Each structure stands twice: as structure tokens, then as C-alpha cells.
Amino acid sequence: MTTRLFSVFIFFHTLLVGCKPPSSTRGEAIDATDQYEVVQLGKIGRQEMQESSGLALADPTGTEFWTHGDAGSPNVLYRVARTGAVLGGVPVPGASNRDWEDIARDPQGRLYIGDFGNNNNDRRNLAIYRFDPAQPTRNVDTIRFRYPDQRDFPPRKSARNFDCEASLFARDSIFLFTKNRAKGGLITKQYAVSAQPGTHTATLRDSLELETWVTAADISPDGRTVALLGYGFVYLFEGDPKQPVFDRRRLRVTVESSGQAEAITFINNTDLVFSNEKGRLFELKRKP
């Protein structure tokens with residue numbers, strides 16, 4: 001084998017280790033719509049936010065949330081009630097909002113703001129800002145990263161699967177789920193990025209074909225359920241926290257009339273709150 005061919009082999013082997021091929025049959029979705037009810041809670045009223053693009057718990061009772069606008073909005077987190085009432089705004093020092101798309105939260109209450117919106121798949125400055133609301137005047141820590149399998153900026157149109165709008169924190173890492181911009185592309189890729197400040201190369205973990213784009217993600221407090229939000233659906237992956245996400249039992253809940261939903265957060269181990277781009281808040285509640 002020539003040196004060049006060997007290098008190519010090593011490159012692709014590195015990408016594929018630990019990454020299962022995309023599949024629409026692995027863990028077929030179970031329709032669980034009748035096990036849940038959707039209740040509209042209110043509407044976030046804030047002119048500065050072009051849309052509610054991320055949600056995270058702001059208090060342990062599940063009655064207040066952090067949210068933010070997306071591309072071009074101020075670098076501000078807004079604290080909102082379940083009714084949508086805005087309780088205040090906190091600037092995020094040292095951060096800029098090029099295209100904030102989601103918030104993840106760790107057990108210490110620190111927030112990870114994902115500045116990784118990448119509609120054109122051409123960004124080289126992807127970042128996650130780690131912010132502690134308990135120390136709001138302290139500059140954020142910055143986690144910069146790149147995708148290991150992206151070589152062109154942008155890649156050809158059929159390979160544009162490097163936009164991301166969904167993230168969660170688990171086991172000292174930020175897990176990212178892509179929004180596939182390729183024509184007809186519904187395969188979402190899962191990456192892991194170290195939650196430590198610095199410059200990192202993400203690790204490609206897995207991929208799966210779903211029926212919709214993925215626009216937000218969260219994990220339940222007990223780690224047993226991962227929620228992926230899409231347009232018209234919420235997917236719930238249930239199982240052992242040590243089990244790979246896409247290998248868990250997959251439930252699909254239809255959430256009709258919720259609009260272009262963009263953000264989601266667990267409020268306990270079974271119930272969630274999500275919002276759409278117009279700031280409408282909904283609760284997805286497990287029936288008794």
C-alpha cells in the first residue's frame with residue numbers, strides 16, 4: 001500500500017471508529033403520542049429576541065427558564081416564566097451572538113451557549129460559551145471546535161451536514177446533533193466535544209435517519225432519556241444512561257400546531273417545555 005493510500009485509509013478509519021452507519025431501522029420509533037398531552041403555556045414577549053432559539057432551566061422547580069434569540073440578537077440571556085413573562089435579561093460578557101442555537105446545562109448550573117448555527121456550512125469559528133449565571137459579570141469561558149470530517153467550507157451541496165441547532169451536556173462533554181442541510185437530508189450526526197475551555201476537534205459518535213430536521217436537544221436529570229426536537233415531532237430515546245443514544249428505545253410524539261419549534265428542556269424526568277420561533281411556550285406532559 002502506498003503512503004498516500006495508507007494515509008487515506010487511516011483518515012477514514014479514524015472517522016468511522018465508534019460511529020455506526022446511518023440507519024432508519026435501528027431502533028424503530030414507537031408512536032407514543034397518546035401517552036402525552038401538549039399544553040400551551042404562554043408567549044415570550046420580547047422585541048430584542050427575533051426568535052426563542054434555546055431553553056434551559058433557571059430554577060429547580062421548573063417554573064423559570066433561560067432563553068435567547070438567534071443570529072444577530074444581543075448577547076443576552078433572558079429569564080422567563082412559564083407564562084412567557086420576561087423576568088429580566090443578563091448580558092453574557094465576552095461573547096458575541098453570531099448564531100446562537102441552543103443551551104445546555106451541567107449539574108453545577110453552568111450554561112453552555114452554542115454559537116454553532118451554520119446554515120451555509122462555511123463557518124470556521126464555531127464556539128460554545130460556558131457561562132455561570134451565579135457569576136454574571138465574569139467573562140465566559142470559550143470552547144472552540146471543528147468537525148473532524150469537514151474539509152471544505154462549504155462542502156458540496158449533497159454533503160452539507162455541518163449545521164447544528166441541538167446540544168446537551170453529559171459526562172463532561174457537549175453532545176451535538178446536526179441539522180442536515182443537504183437536499184432531502186434527514187440523517188442527523190452526533191458529535192461529542194469536550195466541555196473544557198480550549199480548542200478541540202469534535203468526535204463523530206453516531207448517525208441516524210429521522211423524519212425531520214433536529215432543532216434542539218436535552219437530557220433528563222436522571223440521564224435515562226434524551227429528547228430531540230423537530231418540526232412536528234419530539235423523539236425520546238429511553239434506556240440505560242451508559243447506552244449509546246441511538247441504540248435506546250425510540251419513542252415518537254407528534255406535537256401538532258406547535259409551529260417551527262426551536263428549543264426544548266426537561267423540567268423533570270418525564271415532562272418537557274419547548275418553544276417555537278415566535279416565542280410560544282408549550283409543555284409536553286406525560287399522562288398518568
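Which residues does phenylalanine 145 touch, not counting residues up to four places away in sequence? I looked this up before anything else. Phenylalanine 145 touches Phe116, Leu126, Ala127, Ile128, Leu176, Val193, His200 and Ala202. I take contact as heavy atoms within 4.5 Å.

**Entry: ground rules**

I am working on a predicted model, in which local features need pLDDT of at least 70 and side-chain atom pairs count only at pLDDT 80 or more, while totals for chains, interfaces and linings use all residues. Residues are numbered from 1 along each chain as its sequence is written, and side-chain values use heavy atoms, with hydrogens and water left out.

**Entry: the chain as a whole**

I checked the confidence: pLDDT, the predictor's confidence in each residue from 0 to 100, averages 90 over the chain. A score of at least 70 is reached by 89% of the residues. Residues 1-18 stay under 50 in pLDDT, and the model has eight contacts for them beyond four places in sequence.

I then noted one helix and 22 strands in the chain. Helices (H or I, at least four residues) and strands (E, at least two) are DSSP runs, numbered from the N terminus. Of the 288 residues, 52% count as buried. Buried means under 20% relative accessible area and exposed over 50%, with partly exposed in between (1.4 Å probe, protein chains only). Among contacts between residues at least 6 apart in sequence, 52% join residues at least 24 apart.

**Entry: the nonpolar core**

I went back to phenylalanine 145 and its surroundings. A nonpolar core is a set of buried Ala, Val, Leu, Ile, Met, Phe, Trp, Tyr and Cys residues joined through side-chain atoms within 4.5 Å. The largest one has 18 residues, of which Tyr112, Ile128, Phe145, Tyr147 and Leu176 touch the most other members. Strand E10 (141-146), E11, E12 and E13 are the elements that give two or more residues to this core.

**Entry: strand E12**

Is strand E12 enclosed or open? I found that seven of the seven residues of E12 (residues 173-179) are buried, so the strand is largely enclosed by the rest of the structure. Ser173, Phe175, Phe177 and Lys179 point one way, while Ile174, Leu176 and Thr178 point the other way.

I looked at the partners next. Two strands pair if DSSP finds at least two bridges between them. Strand E11 (residues 163-170) runs antiparallel to E12 and is joined to it by seven bridges. Alanine 170 stands opposite serine 173 in this pair. E12 also pairs with strand E13 (residues 187-194), in the antiparallel sense over five bridges. There, phenylalanine 177 stands opposite glutamine 190.

**Entry: the turn between E11 and E12**

The hairpin of E11 and E12 has two residues between the strands. I noted that most residues other than glycine have a negative phi, and most peptide bonds are trans. Arginine 171 has a positive phi of about 55 degrees although it is not a glycine. Aspartate 172, not a glycine either, has a positive phi of about 65 degrees. Arginine 171 counts as exposed at 57% relative accessibility, and aspartate 172 is exposed with a relative accessible area of 58%.

I looked for a cis peptide bond too. The bond from phenylalanine 153 to proline 154 is cis, with omega near 0 degrees. Proline 154 is in the loop between E10 and E11.

**Entry: an open sheet of four strands**

I traced an open sheet of four strands in the order E2-E22-E21-E20, with antiparallel pairing. Strand E2 (36-43) and strand E20 (261-266) stand at the edges with a single partner strand each, so one side of each is left without a neighbour in the sheet. Neighbouring strands of this sheet are turned by 25 degrees against each other on average, direction ignored; axes are lines fitted to C-alpha atoms, for helices over the stretch in contact, and angles run from 0 to 180 degrees between N-to-C directions. E2 pairs with strand E22 (residues 280-286) over seven bridges, and valine 38 stands opposite leucine 284.

**Entry: serine 53**

Is serine 53 buried or exposed? At 0% relative accessibility, serine 53 counts as buried. Serine 53 lies in the loop between E2 and strand E3 (54-57). Leaving aside neighbours within four places in sequence, serine 53 is in contact with residues including Thr67, His68, Trp100 and Glu262. The backbone oxygen of tryptophan 100 lies 3.5 Å from a polar atom of the side chain of serine 53.

How values were computed
A polar contact is a pair of N or O atoms within 3.5 Å; within protein, one must be able to donate a hydrogen and the other to accept it, and residues adjacent in sequence count only if both atoms are side-chain atoms.
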